[in-house]
Amino acid sequence: MTDTARLPECNPDLLRSLFLFESLSDERLDYLCRHGEVVRVEPGWLYREGEDATCFYVLLDGLLVMSRNVDGDEVEVNRTSQRGVYVGAWTAYLGDLVPQVYDQSVRVTETSDFFQLDATVLRDVMRDWFPMAQHLLAGLFHGFTNRQRTIAQRERLLALGSLSAGLTHELNNPAAAAVRATSTLQQRVSKMREKLAALAAGHLDEAALQTLIKFQDEAAHRVANAPKLSAIESADREDELAEWLEDHEVARGYEIAPTFVQGGIDPDWLELVANAAPADSLAGAIHWLYYTIDTELLMKEITDSTSRISSLVEAAKQYSQMDRSPFQTVDLHDLLDSTLVMLARKIPPGVKVVKHYDESLPPVPSYAAELNQVWTNLIDNALQAMGDTGTLTISTHADDEFATVLIADTGPGIPDDIKDRIFDPFFTTKPIGQGTGLGLDIAWRIVVNKHRGYLKVKSQPGETVFVVRLPVDGPQIGETT
Ligand SMILES: Nc1ncnc2c1ncn2[C@@H]1O[C@H](COP(=O)(O)OP(=O)(O)O)[C@@H](O)[C@H]1O
Ligand SMILES: [Mg+2]
């Protein structure tokens with residue numbers, strides 16, 4: 001089209017030639033002409049994505065290009081010179097149901113003519129002329145968003161339910177162990193008292209008793225530093241120790257040997273005791289030391305179990321961000337670690353977890369509990385993709401603008417033909433009951449909409465990496481939910 005061509009005048013025939021208006025009466029077409037206008041647009045932007053949607057355009061002549069901002073790049077989504085194509089504020093009739101902003105950018109690459117209508121005029125004529133269609137469209141739209149919200153909420157509750165079931169189980173083991181150890185400890189302590197009384201009533205002089213107490217201290221010290229042994233190593237040492245005990249006529253040798261081994265005691269050390277204790281008190285002394293070691297081991301077990309309980313509770317608090325404000329500056333590593341603790345039970349023994357954390361990662365202002373939801377969804381998918389074996393790698397790094405978290409798995413990858421759809425709500429390749437198709441949709445909303453970050457995937461067979469990039473300065477203004 002040349003710049004010199006005359007701008008067409010708006011009249012019912014002109015509008016009727018556009019498919020959108022083909023069935024309208026002359027009267028209505030005339031109304032549109034009076035409330036709209038034919039405009040000529042020079043090459044350049046017609047409007048930009050995110051601006052308030054104030055106008056509706058129908059192409060009469062020319063060429064338009066639609067594009068969307070994807071991860072900071074302007075990506076062309078359509079290019080057309082088809083007469084009658086409409087762009088702009090076309091959801092004006094939904095009123096407050098949707099944010100009335102342009103959902104893409106449009107530019108013309110040559111001088112182009114449009115029929116232009118104010119969004120408010122379009123909204124009003126839709127309401128007045130097609131009330132039923134308007135209600136149906138709004139209903140359709142409303143139904144869809146509602147359904148999505150309800151299911152997303154349910155998905156979150158289900159995830160939380162399965163996590164808390166896992167956590168209860170995790171807590172149960174150390175709690176039961178601590179209770180068991182405490183009750184055994186009570187018995188052992190009273191036995192030890194008896195033994196000490198028996199020893200003291202024997203032929204031990206004060207010096208020998210002092211020496212034994214020195215050995216007791218040493219035994220306790222050995223327990224604290226006992227090396228962890230393999231089953232085979234333990235069995236060998238137990239045999240060796242039991243033999244020594246039999247040779248020295250200490251009763252129940254095979255019964256008490258494992259405790260000595262677990263406490264890091266060897267025959268050489270027992271030999272020192274034998275040299276220091278009078279021969280007729282040796283068995284009593286050894287048994288007394290046995291109770292000492294046993295009590296130390298039990299106390300160690302209680303300490304381990306209770307600290308495991310505290311660390312689980314700490315992780316659960318960190319994960320849920322209980323008692324904390326929803327928006328705060330957090331260490332992403334803490335979030336990732338607490339998520340891994342919460343998911344521990346879902347990680348099969350054949351899946352290795354590798355962490356490459358960049359220690360220079362700055363704390364990031366964020367909606368922490370929601371980010372945990374993101375890690376949970378991504379790790380869940382990775383674990384489901386890998387099945388029983390593979391490697392889950394969680395890495396982080398930072399630059400001036402973004403904190404980046406990568407969640408990688410060694411599963412089969414995402415086929416090219418579905419890569420574009422995995423972030424869509426309800427898109428799933430999993431059987432009913434296993435997948436809702438909302439995991440990535442939720443992750444997208446949290447990362448992209450709420451934090452103004454990026455969420456990308458790179459995938460090939462054997463390696464799938466989800467990349468989450470969060471602005472280190474926080475989401476800034478203009479965030480939406
Ligand atoms: N790590 C991954 N490896 C392979 N495919 C994946 C991975 N993550 C997501 N997908 C694919 O994306 C789809 C959508 O994921 P998601 O939104 O979490 O829903 P769901 O897990 O309920 O199916 C999955 O069904 C799967 O096909
Ligand atoms: Mg999922």
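Q: What is a salt bridge here?
A: A salt bridge is a side-chain nitrogen of Lys or Arg within 4 Å of a carboxyl oxygen of Asp or Glu. The structure is a predicted model, and a search of the whole of it finds 15 salt bridges.

Q: How do you know that Asp 26 forms a salt bridge with Arg 16?
A: The closest N and O atoms of Asp 26 and Arg 16 are 2.2 Å apart. The cut-off is within 4 Å, so the pair qualifies. It links distant parts of the chain, with Asp 26 in helix H2 and Arg 16 in helix H1, 10 residues apart. Asp 13 is linked with Arg 16 and Asp 26 in a network of salt bridges.

Q: Is Asp 26 called buried, partly exposed or exposed, and why?
A: Asp 26 has a relative accessible area of 47%. Buried means under 20% and exposed over 50%, so Asp 26 is partly exposed.

Q: What makes Asp 294 and Arg 188 a salt bridge?
A: Their closest N and O atoms are 2.2 Å apart, and the definition asks for within 4 Å. This pair also links distant parts of the chain: Asp 294 belongs to helix H9 (residues 282–320) and Arg 188 to helix H4, 106 residues apart.

Q: Are Asp 294 and Arg 188 buried or exposed?
A: Both Asp 294 and Arg 188 are buried; that word stands for under 20% relative accessible area.

Q: How do you know that Asp 416 forms a salt bridge with Lys 419?
A: The closest N and O atoms of Asp 416 and Lys 419 are 2.8 Å apart, and the limit is within 4 Å. Both residues lie in helix H12 (residues 416–419), three residues apart, about one turn of the helix.

Q: Why is Asp 416 called exposed?
A: The relative accessible area of Asp 416 is 61%, and exposed means over 50%, so the word applies. Lys 419 has 21%, which lies between the cut-offs of 20% and 50%, so Lys 419 is partly exposed.

Q: What makes the backbone of Glu 249 and that of Arg 252 worth noting?
A: Glu 249 has a positive phi of about 55° although it is not a glycine. Arg 252 likewise has a positive phi of about 55° and is not a glycine. Glu 249 is found in the loop between helix H6 (231–247) and helix H7 (253–262), and Arg 252 lies in the loop between H6 and H7.

Q: Why is Glu 249 called exposed?
A: Its relative accessibility is 70%, and exposed means over 50%, so Glu 249 counts as exposed. Arg 252, at 36%, counts as partly exposed.

Q: What makes up the lining of the second largest pocket?
A: The lining has 36 residues; Asp 380, Asn 381, Gln 384, Lys 430 and Gly 435 lie nearest the pocket centre. By kind, the lining divides into 15 nonpolar, 16 polar and five charged residues. H11 gives the largest share, eight residues. The space in this pocket is about 900 Å³.

Conventions
Residues are numbered from 1 along each chain as its sequence is written. Chains are lettered from A and ligands numbered from 1 in the order in which they are written. This is a predicted model: local features need pLDDT of at least 70, side-chain atom pairs count only at pLDDT 80 or more; totals for chains, interfaces and linings use all residues. Side-chain values use heavy atoms; hydrogens and water are left out. On a 1 Å grid over the protein atoms alone, a cavity is a set of points where a 1.4 Å probe fits but cannot get out, and a pocket is an open set with protein on both sides within 12 Å along at least five of seven lines; lining residues have an atom within 4 Å of a point. Grid points are joined across faces, edges and corners, and a volume is the space filled by probe spheres set on the points. Helices (H or I, at least four residues) and strands (E, at least two) are DSSP runs, numbered from the N terminus. Ala, Val, Leu, Ile, Met, Phe, Trp, Tyr, Cys and Pro count as nonpolar, Asp, Glu, Lys and Arg as charged, and the others, Gly among them, as polar. Buried means under 20% relative accessible area, exposed over 50%, partly exposed in between (1.4 Å probe, protein chains only).
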